[in-house]
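Please open the model in your viewer and keep the selection tool at hand. The stops below say what to select next and what to look for there.

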Amino acid sequence: MGGRRLGIATACLSGLLEDKLAAAAAAGFDGVEIFVPDLLGSPESPADIARRCADLGLAVDLYQPIRDVEALPRDAFAASLRRVEHAFDVMEQLGTTTALICSSVDPRAIDDDDLAAAQLAEVADRAADRGLRIAYEALAWGRHVNTWDHSWRIVARADHPALGLCVDSFHLYARGGDPAGLRDVPAGKLFFLQLADAPRLDMAVLPWSRHHRLFPGQGDFDLTALVGHLDAAGYDGPWSLEVFNDVFRQADPGPAAVDARRSLLGLEESLAGAAVPAVGGTAFVELAVDPATSAEVTDALAALGFARTGAHRTKPVGLWEAGGARVVVREEVPLPDAGSVPAAVAALAVRTPDPEALARRGVELLAPRVPLPHAGDEAELRAVAAPDGTLLFCCPERPSPGGDDFWPGDFVSTGVRPGVGATGIDHVALSPPFDLVAEAELFLRTVVGLAPVGEPTDIVAPFGLVRGRLFASAGAEPVRVVLSSSLVRRGGWAPGVPAPQSVAFAVPDVLTVARAALDAGLPLLDVGPNYYADLAARGVADVDVLAAHRVLLDVDASGGQYRHVVTPVLGGRVFLEAVERSGGYAGFGAADAPVRMAAHRRSRASV
Ligand code: MG
C-alpha cells in the first residue's frame with residue numbers, strides 16, 4: 001500500500017485547527033484541505049498556519065470553499081470578485097495553489113451556462129495572474145448546476161487553463177451520476193478529488209450530505225469504480241476526504257483520523273484488486289471475566305455442552321471446548337475496557353492459511369500489533385488490536401480435525417475430552433457506542449475482510465431503537481460478527497444492558513442442546529406464551545415442543561430457519577446462544593431481538 005498522496009479536509013475532524021492538523025499528521029496523511037471556517041476561527045495568520053502544516057509534514061492541497069461566485073448579475077459578481085481576491089491573498093500565505101469554488105446556491109444566480117463560464121473564466125484569469133487555479137465543484141443542491149457533467153460542460157465552455165473540475169464523490173453519486181464519463185475528461189482538467197461514502201438513503205441531498213457522509217468503505221457508494229475511472233483518465237492529484245456527519249465532528253480527532261486514513265488505504269487496496277487474506281472460521285472467542293463472575297459463565301458453558309479441556313500453566317485461564325467450538329475464559333481484574341461490567345468479549349480468533357500475512361496486513365491498515373509473549377517452543381500467536389481494544393488473533397487453519405497441536409504450549413490438557421453438541425462459533429455480537437460503529441465496521445471490512453450481509457436492521461427494542469448489522473466472511477464456515485448499537489441514549493431511564501455482547505455457538509440440533517441445558521439447571525431464557533401463540537398462528541408446527549425447550553424461531557422470506565436458545569445475561573453483560581441454522585438462513589435472528597431483550601430485562605429484574 002502507499003505511493004498515492006492521501007489527504008483530508010479539516011472539516012472532517014473535531015477540535016481546533018491545531019488539533020485537526022496534529023491528528024491528520026499523526027495518522028500519516030500527506031496533505032490537508034483547509035476549510036475556511038477553521039481558518040477564520042484560528043488566531044494564527046495564514047502564514048503561521050502554513051508553517052505549522054510544513055512542520056507537521058502536511059501539504060496544503062486545497063483552500064475551500066468559496067461559495068456563490070458565478071452566474072450572478074454584474075453588481076453581485078463584483079462582490080464575488082472582492083471575496084475571491086481576498087481568498088487569493090489568504091492562499092498565497094497558506095502556500096496552496098488550488099481553491100474550490102462550489103456551484104452557486106445564490107437565489108440571484110441565473111440559469112445561464114454562458115454567463116457562468118464567462119464569470120468563472122474571469123475568476124480564473126485573476127487566479128492565473130497569481131499562479132493559482134480554480135477547481136469548480138457541482139454541489140448536489142446547486143441552484144442551477146448540481147451534476148458533475150453539468151459542471152464539466154461549464155468548465156469546458158470557459159476553456160481556461162486555470163479552471164478545472166473538483167470531483168466530489170458524494171455529489172456525483174447522490175445525483176445518480178455515472179463516473180464512467182470522467183474517463184473522457186482530459187487529465188489536465190481534473191484538478192481535485194474529494195472522497196466521501198454514504199449509506200443509500202431516500203432523502204433530500206443536503207441533509208443527506210450534512211448528516212450522513214462516511215469514510216470510504218463505510219457506506220454504499222462504489223468508490224472503487226469512481227477512482228478507477230479517474231485513474232484511467234490520468235488524474236494524478238491527491239485522494240482527499242471530505243466527510244461530515246453527526247458523529248465524526250465531535251469524535252476524538254486522533255482515532256477519527258486513523259479511521260479516515262484506513263478507509264483510503266482500504267480503497268487503494270480495493271482498486272489494486274489485492275487479494276484479501278482468506279479467513280476460514282472462528283478459531284475461538286476469548287471472554288475476560290471477573291473471578292467473581294467466572295463460575296456464572298463457565299456453568300453456562302458446561303450446561304451448553306462445553307468441557308474444560310485445557311488450563312494455562314501459570315494463569316487463571318481455561319480452555320472450554322464443545323465439538324469445534326472453543327472459548328477461552330480468562331479471569332482478570334480489572335477487565336480491559338469493560339467499565340464496571342465484569343464480563344467482556346476480549347478477543348476474536350480467526351483461522352487463516354497465512355496468519356503472519358493477515359497480521360501484517362492489519363498493521364498496514366493501521367491496526368497496532370499486539371506483542372504476545374511466548375516461549376521458544378510454543379506456537380506463536382499473532383494479534384492486532386481493533387479500535388475498541390478487542391484483539392484479533394490470526395490463527396493457523398485447524399491442523400487436523402480435533403487436533404490439539406493448534407494450541408500454544410502454555411496450555412496443558414486437563415485430560416477431559418471436549419464436549420459435544422456444538423460444531424463451531426456461529427457469531428459474536430458486539431455493541432460499540434453509536435459514534436464508533438462506523439469505525440468498528442471499517443475494521444471488520446478492511447482488516448478482517450468481512451462483508452456486510454444485507455442492509456442494517458432497525459430493531460424496535462424495549463428501551464430504544466437499536467441498529468444491527470451482520471458482517472461475514474465468505475466460505476463454508478464463515479466468521480460472523482454482529483454490530484448493534486443504540487442510536488440515542490439520554491436521560492436517567494436506562495434499564496437495558498448498556499453494551500450487551502454475545503457469543504453464539506453453531507449446533508446441529510438445538511432441541512438436544514436445550515434439553516441438556518435445562519436438565520443441567522441452566523435457566524434458558526423464556527419469552528412467554530404470546531410469542532409461541534404467534535408462531536402457531538403463522539403456521540409453525542410443534543410450537544409446544546419449541547416452547548418447552550425455550551427455543552426461539554426466526555423464519556426468513558425463503559423459509560430458512562434460525563432456531564436458537566439464549567442464556568440469561570451473565571456478569572451483567574454477556575449472554576450465550578446456541579443456534580441451529582437451516583434452509584440457507586443467513587441473518588442473525590434480529591426479528592426475535594425485541595422479545596429476547598424484554599425477556600432478558602424481566603429475568604434480570606426478577607433476580
Ligand atoms: Mg466537496
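Begin by selecting E242, which counts as buried because its relative accessibility is 8%, where buried means under 20% relative accessible area, exposed over 50% and partly exposed in between (1.4 Å probe, protein chains only). This is a predicted model, in which local features need pLDDT of at least 70 and side-chain atom pairs count only at pLDDT 80 or more, while totals for chains, interfaces and linings use all residues. Residues are numbered from 1 along each chain as its sequence is written, and side-chain values use heavy atoms, with hydrogens and water left out.

E242 sits in the loop between β8 (239-241) and α10 (253-272); helices (H or I, at least four residues) and strands (E, at least two) are DSSP runs, numbered from the N terminus. If you display its contacts (heavy atoms within 4.5 Å) and leave out residues up to four places away in sequence, the partners of E242 include E33, Q64, E137, D168, Q194 and R213.

Now show the magnesium ion, whose protein donors are E137 (OE), D168 (OD), Q194 (OE1) and E242 (OE), at 2.1 to 2.2 Å from the ion. Donors here are N, O and S atoms within 2.8 Å of the metal (3.2 Å for Na, K and Ca), and since water is not among the atoms, sites may look incomplete. Along the chain, these donors follow the spacing E-x30-D-x25-Q-x47-E. One pair among them links distant parts of the chain, with E137 in strand β5 and Q194 in strand β7 (residues 190-195), 57 residues apart, and both E137 and Q194 are buried.

Next select helix α6 (residues 148-158), where the buried residues are W148, H150, S151, W152, I154, V155 and A158. These buried residues of α6 pack against α5 (113-129), β5 (133-137), β6 (163-168) and α7 (169-174).

Then move to strand β21 (residues 501-506), which is largely enclosed by the rest of the structure, because six of its six residues are buried. Which residues cover each face of β21? On one side they are Q501, V503 and F505, and on the other S502, A504 and A506. Strands pair if DSSP finds at least two bridges between them, and β21 pairs with strand β17 (residues 424-430) in the antiparallel sense over five bridges, with I425 having F505 as its bridge partner. Strand β24 (residues 574-582) runs parallel to β21 and is joined to it by six bridges, and here A506 stands opposite V579.

Finish with residues 400-405, where pLDDT, the predictor's confidence in each residue from 0 to 100, stays under 50. The chain as a whole averages a pLDDT of 92, and 94% of the residues score at least 70.
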